[in-house]
Amino acid sequence: MEITGKTRLTGLIGSPVAHSISPQMHNEAFRLLGLDYVYLAFDLGHSSLRQAVEGLREIGCRGFNVTMPYKVPILEFMDELTPAARIAGACNTVIIKDGRMTGHTTDGVGFMQSVTDAGHNIFRKKMTILGAGGAATAIITQAALDGVRRIDIFRRSRPEAFSATESFARKVQQETGCRVRVFDIADTRELRDSLEESAILVNATNVGMIPHEDGCPISDPSLLRPGLIVGDIIYNPRKTRLYRMAESAGCPVFNGMYMLLFQGAASFHCWTGQRMPIEPIRRKYFSR
């Protein structure tokens, strides 16, 4: 790849970002398609978010991805939102065109595609999801739009945040018809009841991610029954403590690697108008 005076900038903002494989994935796709683009990762402190976003707009950046902890704070800087981002209340992809920034979310698309890619069909079934942050709301939104019938959200019971999640659940239910409920993640009895009815458990928290890989959002292995699909959106490490626990319980399990691949492909299309060459990227950078 050769940088030219016409090279278009894309990238990733968040913290931490050094572990991300998005730069390799996107830059390889640009190379394969002969596109004069480059993708860089920028680790931002919270105090620099506004300046960074405005700076990316001013220098003519084509667009960028957003990762934790900025998927929700980024919304205030957007000129407009796509319907999925509006419902989710989170954004992982920014498209810049004619100086205007559109907030979009491809996380949910990426996750649902990764479910299909792993060989599962959760249409008209029930999902239990742990967490209520930016990735979780994107997954919940897309799952509801794609026909998941019921979703139970388990999150930490902080009064103000819990109320906001309940409001989000009502919005999803009103706009999609999917039944969405919210529970305290510490309520093991409700979690057990939810999982007994669910086709899939999704960990959309960062519990278990490097450098805290000893963490696990579920403390009781008996909650995981054989046949329950378990999707952990963490991909570093590839096998979290929850992943290993699910394997031992006889659950079909997959990590966040292909969610990353498919959400990246959707972002790539937003910025370039072209389809990412999925299979060579998958072979080179991704494995379960």
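**Close-up views of a predicted model**

Arg31 counts as partly exposed, with a relative accessibility of 47%. This value, like the others in these legends, comes from a predicted model.

View 1. Glu28 has a relative accessibility of 10% and counts as buried, whereas Arg31, at 47%, counts as partly exposed. The search of the whole structure finds 16 salt bridges.

**View 2. Six strands form an open sheet with parallel pairing.** The strand order is E9-E8-E7-E10-E11-E12. Strand E9 (179–184) and strand E12 (253–254) are at the edges; each has a single partner strand, so one side of each has no neighbour in the sheet. Strand E7 (residues 126–130) pairs with strand E8 (residues 150–155) in the parallel sense, over five bridges. Lys126 has Arg150 as its bridge partner in E8.

View 3. Side chains of opposite charge can pair when their charged atoms come close. Lys126 counts as buried because its relative accessibility is 3%, under 20%. Asp152, at 2%, also counts as buried.

**View 4. Glu197 and Arg150 form a salt bridge between distant parts of the chain.** The closest N and O atoms of this pair are 3.4 Å apart. Glu197 is in helix H7 (residues 188–197) and Arg150 is in strand E8, 47 residues apart. Glu197 counts as partly exposed, at 45% relative accessibility. Through shared partners, salt bridges join Lys126, Arg150, Asp152, Arg181 and Glu197 into one network.

**View 5. Helices H4 and H9 contribute to the lining of the second largest pocket.** The space in this pocket is about 160 Å³. Its lining consists of Val109, Gln113, Phe262, Ala265, Ala266, His269, Arg275, Met276 and Ile278. Helix H4 (107–117) and helix H9 (257–272) each supply at least two of the lining residues. The largest contribution is from H9, with four residues. By class, six lining residues are nonpolar, two are polar and one is charged.

Note on methods:
Residues are numbered from 1 along each chain as its sequence is written. This is a predicted model: local features need pLDDT of at least 70, side-chain atom pairs count only at pLDDT 80 or more; totals for chains, interfaces and linings use all residues. Side-chain values use heavy atoms; hydrogens and water are left out. Two strands pair if DSSP finds at least two bridges between them. On a 1 Å grid over the protein atoms alone, a cavity is a set of points where a 1.4 Å probe fits but cannot get out, and a pocket is an open set with protein on both sides within 12 Å along at least five of seven lines; lining residues have an atom within 4 Å of a point. Grid points are joined across faces, edges and corners, and a volume is the space filled by probe spheres set on the points. Ala, Val, Leu, Ile, Met, Phe, Trp, Tyr, Cys and Pro count as nonpolar, Asp, Glu, Lys and Arg as charged, and the others, Gly among them, as polar. A salt bridge is a side-chain nitrogen of Lys or Arg within 4 Å of a carboxyl oxygen of Asp or Glu. Buried means under 20% relative accessible area, exposed over 50%, partly exposed in between (1.4 Å probe, protein chains only).
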